[in-house]
Amino acid sequence: MALVSRRQLLGRLGGIGAGALAAGFVPLAFAEADAAETGPQRQWAMVIDLRKCDGCKACTKACQETHHLPESFEWIKVFEVHDKQGGSFFMPRPCFQCENAPCLKVCPVAATFKTRDGVVLVDQDRCIGCRMCMAACPYGARYFNYGDPPVASNPFQHPTPEFPVPQQKGTVGKCMFCVHRSANGELPACVDACGMKAIWIGDLVEDIATNGDETVRLSTFIKENDAFRYKEELGTGPRVYYIAGHGQLLDY
C-alpha cells in the first residue's frame, strides 16, 4: 500500500503542484478542488481509522499542548461509542472542515472563513463572540473562550487564524488541521502523536495521505476501506473520513 517515503510525502505536502495530476492520481470530486485550475495547491482532508484507535487521547493532549488550550477544550475529542450489538469503539472528532460549512454561513462578521486549501479558520480579531457558529455546527466542534486562556509563548506575539495561540477571551476557537505545521511540511499534532497511526492527513489534489509511517493513495485507501463521512446526509461535505472496518483482524 505504501507509495512513497514519509520524507518524500512531507516534501510534497510542503510544495504540492500539478505534478500529481500528471502522474495519474485521480483527485476526489470536491467542487472547490475541481474549480481550482490555477489556485489552490492543496486541498486538505483527514482519514481516521476507527479499527486502530484505542482511545488513549494522545491526539487530544498533543493538540492542547500545541495550541496551549485548557483541558476542557478538546479540539479533537475522543468519544467512546456503543453499538447496538453491545460492542464499543473510539471515535476521534476534530473539526470536519466542511465543504458546505454551516458555521461559515451564519457568521455575521465573516470571522469564520475558508482558505484556498479548504480549511475553515476563525479570525479572532473579527469574532464578536455571538456563538452563532457554535449553534450552527452539527458536530459540536467549536469552543467558546469564556475565560482567559493559559499563558503561552507565541513567536508571532499575536494569534493568527492559522496559529491562534493564545486563544482570545470572548471568541470562538476550533481545530484547523494544524495548517501552521502543514505549511512547514510537518504533520498535524494529532497525527504526529497518534501511537496507533490511526489518523491520516491527506491532500485531495495530490491524492495522497500519510499517518507518519505509511503513505497511501488517498482515493484508493478510502474506497478499498469503505470509508464514510459522519452525518454526510446533512450535506455539509465534511473532509474527515472514517474507516469502520468489517470486523477483520489487523496486523499491528
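These legends describe close-up views of a predicted model. Local features require pLDDT of at least 70 and side-chain atom pairs pLDDT 80 or more, while totals for chains, interfaces and linings use all residues. Residues are numbered from 1 along each chain as its sequence is written, and side-chain values use heavy atoms, without hydrogens and water.

View 1. Gln 124 sits in the loop between strand 5 (120-122) and helix 6 (132-136); strands (E, at least two residues) and helices (H or I, at least four) are DSSP runs numbered from the N terminus. Gln 124 counts as buried because its relative accessibility is 6%, the cut-offs being under 20% for buried, over 50% for exposed and partly exposed in between (1.4 Å probe, protein chains only). A polar atom of the Gln 124 side chain lies 3.1 Å from the backbone oxygen of Val 172, and one lies 3.5 Å from the backbone nitrogen of Gln 168. Beyond four places in sequence, residues in contact with Gln 124 (heavy atoms within 4.5 Å) include Asn 145, Pro 164, Pro 166 and Thr 171.

View 2. Strand 9 (residues 208-210) pairs antiparallel with strand 10 over two bridges, and Thr 210 is opposite Thr 215 in strand 10.

**View 3. Hairpin of strand 2 and strand 3.** Strand 2 (residues 77-82) and strand 3 (residues 88-93) run antiparallel, joined by six bridges. Lys 77 faces Arg 93 in strand 3. Five residues separate the strands of this hairpin, where Gly 86 has a positive phi near 90°.

Note on methods. Polar contact = N/O pair within 3.5 Å; in protein donor to acceptor, adjacent residues only side chain to side chain. Pairing = 2+ DSSP bridges.
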